[in-house]
Amino acid sequence: MARLTIIHGGTADPSGRRGRALQRAADAGDLVRLVPGRFVDAAEWRRATPGERHIARIKAVHDRLAPRLVVSHASAAALHGLPWTGEFPDTVDVLDPRRTTSQGLAHVRKRPGAQRTIRTQAMVSNGRRLTDLVSTAADLAISYDLRMSVPALDSALRRGLARDDIRAEVVARNAVHGRQRAITAIELADAASGSPGESIGRVALDEAGAPRPVLQREFWDADGFIARVDFWFPDEGVVLEFDGKAKYVDPALRAAGTTVADVVVSEKRREDRLRRHPEVQAVGRFGWPEAHDAEVLRALLRGLGVPTSRRSFARLR
């Protein structure tokens, strides 16, 4: 992960000249102003990932935070390198051991920490405390909808975190409103998930009332390995793939020297071999449009022979 360099202005120069010069550069679009007197290079900012940009925000406010405040929630997720859907928040999340209610400030969101045991670890760069991985996973499960929390939980389980430890942390909290959502997210999480897109796709399948699929099932034939598929419904003999655009449009995800056309042809041959496999009755694909429309996804599943049932909720938020 790249580190964005924080450029200090304002009080860094008692004359104020440097501060005015930096503000002019920000006004011209050459710098990005994170907080008063803290900037980053605009070109570096555009090249950075959402996680790198949010970590820069944490660094920008670090010396203005009281020592008791602990980085948490989305900000801790960025520091732990957990996946996030879209951009991280503009504000830095912290736990305040003295507070029983939340407080929103211009660049910081204080969350209540007075009624919980705060498990922490130290940031490598500056010693600031942040919530450990178990606490961070529990916070995300309680505070965010499943499409945000499940990809992060999948990643945490993949790192060896125990599902029971996350569940125990949630149960120990007093979060009445977010507890059922959190338990659902923890039960749905799976270390076998291949990508954040697949994680969100699995949440969409659950919302549509599909049976829980087997993840990353391998198929072989007489010629050898065919594929490791995203979702396998063994009772129905249905393979379902989450078809994001990245493998087509991102050159980094293609083998050297291959074109988009090569990827399309390879996918077609792979799918033909899957259809000929004796266990496979049907192969289907879905992407972001279907993942965001439960009725369309249900229709696709029924067309493939996968049953769906109405959930008692439309979407856990």
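This is a predicted model: local features need pLDDT of at least 70, side-chain atom pairs count only at pLDDT 80 or more; totals for chains, interfaces and linings use all residues.
Residues are numbered from 1 along each chain as its sequence is written, and side-chain values use heavy atoms, with hydrogens and water left out.

**Overall make-up**

The protein has 13 helices and 13 strands. Helices (H or I, at least four residues) and strands (E, at least two) are DSSP runs, numbered from the N terminus. Of the 317 residues, 48% are buried. Buried means under 20% relative accessible area, exposed means over 50%, and partly exposed lies in between (1.4 Å probe, protein chains only). Now take the contacts (heavy atoms within 4.5 Å). Among those with a separation of 6 or more, 58% join residues 24 or more positions apart.

**The cores**

A nonpolar core is a set of buried Ala, Val, Leu, Ile, Met, Phe, Trp, Tyr and Cys residues joined through side-chain atoms within 4.5 Å. The largest one has 31 residues. Trp-84, Leu-140, Leu-153, Leu-161 and Ile-166 touch the most other members. Two or more residues each come from α4 (73-80), α5 (133-143), α6 (146-158), α7 (163-171) and α8 (179-188). A second, separate core has 20 residues, including Val-40, Ala-56, Val-108 and Met-123.

What does Leu-140 touch, not counting residues up to four places away in sequence? Its partners are His-73, Ala-74, Ala-77, Leu-82, Trp-84, Ser-149 and Ala-152.

Two strands pair if DSSP finds at least two bridges between them. β1 pairs with β3 (residues 38-41) over two bridges. There, His-8 has Arg-38 as its bridge partner.

**Strand β11 and its partners**

Eight of the 10 residues of β11 (residues 224-233) are buried, so the strand is largely enclosed by the rest of the structure. β11 pairs with two strands, both antiparallel. The table lists these pairings.

| Strands | Bridges | Bridge partners | Residues between strands |
|---|---|---|---|
| β10 (214-221) and β11 | seven | Glu-218 and Arg-228 | two |
| β11 and β12 (238-242) | three | Trp-232 and Val-239 | four |

Both pairings are hairpins. In the hairpin of β11 and β12, Gly-237 takes a positive phi near 65 degrees.

**Aromatic pairs**

Rings of Phe, Tyr and Trp (its six-membered ring) pair if their centres lie within 6.5 Å; planes under 30 degrees apart count as stacked, over 60 as edge-to-face and the rest as tilted. The whole structure holds seven aromatic pairs. The ring centres of Trp-84 and Phe-88 are 4.9 Å apart and the planes lie at 15 degrees, so this pair is stacked. Trp-84 is buried at 15% relative accessibility, and Phe-88 is buried at 7%. Trp-220 and Phe-225 form an edge-to-face pair, 5.2 Å centre to centre with 70 degrees between the planes. Trp-220 is partly exposed at 49%, and so is Phe-225 at 36%. Ring pairs also link Phe-231, Phe-242, Phe-286 and Trp-288 into a cluster.
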